[in-house]
Amino acid sequence: MPLDLATAQPVDESTLRDVERFLFREAELVDDRNFEPWLDLFADDLDYRGPIRVWRGDSGYQIDPVACYFSDTKQTLRIRVQRIATGLAWAESPPSVTRHFVSNLRVVEGPDADQRTARANVLITRSRGPSQLQETFALDRIDTLRRAGDSFHIVRRLAILDSSMPSAQNLAIFF
Amino acid sequence: MLSVTPESRAEQLLRKGRAALDNARIPAPFYNNPAVWELERERVFGRAWTFLAHESEIPNRGDYVVRPLAGSPVIVARGDDGEVRAMFNICPHRGNQICRDESGNAPRFKCSYHGWVYNNKGDLVGVPQMREGYNGQLDKADWPLREAKTGSYKGLIFGALDPAIPNLEDYLAGFQFYMDIYLTPDMEVYGPPNRWIIDVDWKVQSENSAGDGYHTPITHEFGFSLGYYPSSAATQSQGWAVHIPGRGHSIGMGRTPGMDPFFWYPPEIVDAMAAEFTPEQYSIFKEARVSVGLVFPNMSLLCQPLSRIPNEAGTRFSTIRLFNPLRNGRIETWTWCLVPKSASAEYRDEVYRAHVLAFGPSGLFEQDDSENFIHVTRLAGTPAAEDMEFPLEMGLNAKIEEDFAGPGVCVTPYINDTSFRNFWATYLNYLSDDPPTSASEHTVCLPGILRAS
């Protein structure tokens, strides 16, 4: 059952700060292209998905249950990182400069006892090399976090782009 | 009085293009030029069949998807009578867009301007103020939604702007033999398509999809370095390049010596394919590692083995790709993943995940391709490229495989420009107002190039 954030129990103030600090750290690592420690923040049973949003005349905006822009495990996420490191990922040569803005954070207990669910509005800007174009991605991001020592692991990330037509030549960055 | 009409930019390019192609070359401006685009939207897209949707996207009466048809939006709907139609999404009353959705199910469509209402068969069924405004005398039968011609092959729905176009079967001209590799066993699309806009000319994408095995070990070199390919760079070139002369359709099939027949297809899928393929299809397809095909002008079909994790057992995915031109140098790409209707949920999900890891806007292969295609497109529109011509001479002396079991002309190896010459020759024939009629009326000029005799 998907967690209903509206009725779930909000976390206490200290946990909220912990989650916020964790997500800011995660954004910093990915924007700094410090990908190895960034990968360490994800659980081995990771489900990292960017579902497609479709406007249907009979039922409004639908977040498609199967169709997506990306659907990665920890292993395929690691492959994306390794691929960039080969220097043969032409869409990231020169590499993107990204900026992840993580805001409007809401954190609730669950769905499992050792888990927290964090929903944030995320804005990502992306620039590349000498190009003057800057791409912008706005998304509704829902993370399921599991306690790992004094930090967390991201078990599930649902990165739902606002647009059903991404305004980008590719989605070669991380969300 | 003698009047001399100056040769237009498009006519000039066309003349240069035909001369260049006789020398197995193509002028660079064909990859991105506004004058060429003005001509091709009328003479190529105005006269070709283009892919719209898969029947499994609209299984129920009233289901619809909104799709581009050669620059115009159409509502592809299954009417209450069960028939599939492609109706222009333009109100015949004042030209407003009738349906603003991507998909849905509806008995009727109502225009938001003056409120004319059409049923899902395109009939005008409601006109506000019929008595007060029209004195009850407007004949509704005169004002249905305008309908495009449609045709289908094994679930693929195509549309055409030209009501006089030859039927789809004639247009495909035997290429159905090869399309079956993607459409067997009975397939459906998995979820709605991915779509996104990139600064790439449709012909750059289409030419590559006509069967470019040459770029694979370089553009996608990461795949070798991460251990992704079940073949090596050394064997990558082997296989067949087949084209339908004068029609622009072609397929490249890479094969790896010693590869297990139909490898990475699960046994039940192989059995289902074997039951449906002809012996000729079976003998060829069992050896095809990768199959990359083009239905002229802008529909690509691709089947590829992929393990999501290198060196682990993988799967096969089949994808439909549409390069919908928005103008010269810009396309809206659509991708669908085909999965067997009979397969398990786990298998279908695995196929989709392999597909989306490789293709679509985040796809590892797609990213590499489009990065190159963006540069090719941009530079083709610069003054530096004005007088450049690109070579299409690979395989000019290629061996024609007379004993090949499939239709069309087959050459080896898989890396070959013969299918590209066929693509460009067909394209230039359309641009010259000479769309294909019958191959028998033509003679082969160079391998891949038919000329009127």
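**Figure 1. Gln367(B) and its surroundings.** At 3% relative accessibility, Gln367(B) counts as buried in this predicted model. The residue belongs to helix α12 of chain B, which covers residues 364–380. When neighbours within four places in sequence are left aside, the contacts of Gln367(B) include Arg80(A), Arg83(A), Ala91(A), Asn170(A), Leu171(A) and Ala172(A) from chain A. From chain B, Pro361(B) and Ser362(B) are also in contact with Gln367(B).

**Figure 2. Charged ends placed over aromatic rings.** Arg83(A), one of the residues in contact with Gln367(B), has its charged end over the ring of Phe222(B), at 4.5 Å from the ring centre. In chain B, the charged end of Arg146(B) sits over the ring of Phe88(B), and the separation from the ring centre is 4.6 Å.

**Figure 3. Strand β6 of chain A and its two partners.** Strand β6(A), residues 151–161, is mostly covered, with eight of its 11 residues buried. Strand β1 of chain A (residues 42–56) runs parallel to β6(A) and is joined to it by four bridges. Within this pairing, Phe42(A) has Ile154(A) as its bridge partner. Strand β5 of chain A (residues 134–148) pairs with β6(A) in the antiparallel sense, over 10 bridges. β5(A) and β6(A) form a hairpin with two residues between them, and Gly149(A) in the turn has a positive phi of about 65°.

Figure 4. Strand β4(B), residues 72–78, has five of its seven residues buried, so it is largely enclosed by the rest of the structure. Strand β3 of chain B (residues 63–69) pairs with β4(B) in the antiparallel sense over six bridges. Pro68(B) has Pro73(B) as its bridge partner in β4(B). The hairpin of β3(B) and β4(B) has two residues between the strands, and Ala70(B) in its turn has a positive phi of about 50°. β4(B) is also joined to β5(B) by five bridges, and these strands run antiparallel. In this second pairing, Arg78(B) stands opposite Val84(B). Five residues separate the strands of the β4(B)–β5(B) hairpin, in which Gly82(B) takes a positive phi near 85°.

**Figure 5. Gln97(B) in a loop of chain B.** Gln97(B) lies in the loop that runs between β5 (84–88) and β6 (103–105) of chain B. With a relative accessible area of 39%, Gln97(B) is partly exposed. The side chain of Gln97(B) reaches the backbone oxygen of Cys99(B) at 3.0 Å. Pro73(B) is 24 residues away from Gln97(B) along the chain, and the C-alpha atoms of the two are separated by 8.9 Å.

**Figure 6. A three-stranded open sheet in chain B.** The strands follow the order β7-β8-β9, with antiparallel pairing. β7 (108–110) and β9 (124–126) stand at the edges with a single partner strand each, so one side of each is left without a neighbour in the sheet. Ignoring direction, neighbouring strands of this sheet are turned by 35° against each other on average. Three bridges join β7(B) to β8 (residues 117–119) of chain B. Arg108(B) stands opposite Asn119(B) in β8(B).

**Figure 7. Aromatic pairs in chain B.** Over all chains, the count comes to 40 aromatic pairs. The ring centres of Phe277(B) and Phe285(B) are 5.1 Å apart and their planes stand at 70°, so the pair is edge-to-face. Both Phe277(B) and Phe285(B) are buried. Trp424(B) and Tyr427(B) also form an edge-to-face pair, because their planes are at 90° with the ring centres 5.5 Å apart. These two residues are three apart in helix α13 (residues 418–431) of chain B and are therefore separated by about one helical turn. Trp424(B) is buried, with a relative accessible area of 0%, and Tyr427(B) counts as buried at 0% relative accessibility. Trp424(B) and Tyr427(B) belong to a cluster linked by ring pairs, whose members include Phe30(B), Tyr31(B), Phe45(B), Trp202(B) and Phe296(B). Phe390(B), Phe423(B) and Tyr430(B) are also among the members of this cluster.

**Figure 8. Helix α5 of chain B.** Eight of the eight residues of helix α5(B), residues 176–183, are buried, so the helix is largely enclosed by the rest of the structure. Among these buried residues are Phe177(B), Tyr178(B), Asp180(B) and Tyr182(B).

Definitions and conventions:
Residues numbered from 1 in each chain as written. Chains lettered and ligands numbered in written order. Predicted model: local features only at pLDDT ≥ 70, side-chain atom pairs only at ≥ 80, totals over all residues. Heavy atoms only, no water. Buried < 20%, exposed > 50% of the residue type's maximum accessible area, 1.4 Å probe, protein only. Polar contact = N/O pair within 3.5 Å; in protein donor to acceptor, adjacent residues only side chain to side chain. Phe/Tyr/Trp six-rings, centres within 6.5 Å; stacked < 30°, edge-to-face > 60°. Lys NZ or Arg CZ within 6 Å of the ring centre and 35° of its normal. Pairing = 2+ DSSP bridges. Axes fitted to C-alpha atoms, helices over the stretch in contact; angles between N-to-C directions. Contact = heavy atoms within 4.5 Å.
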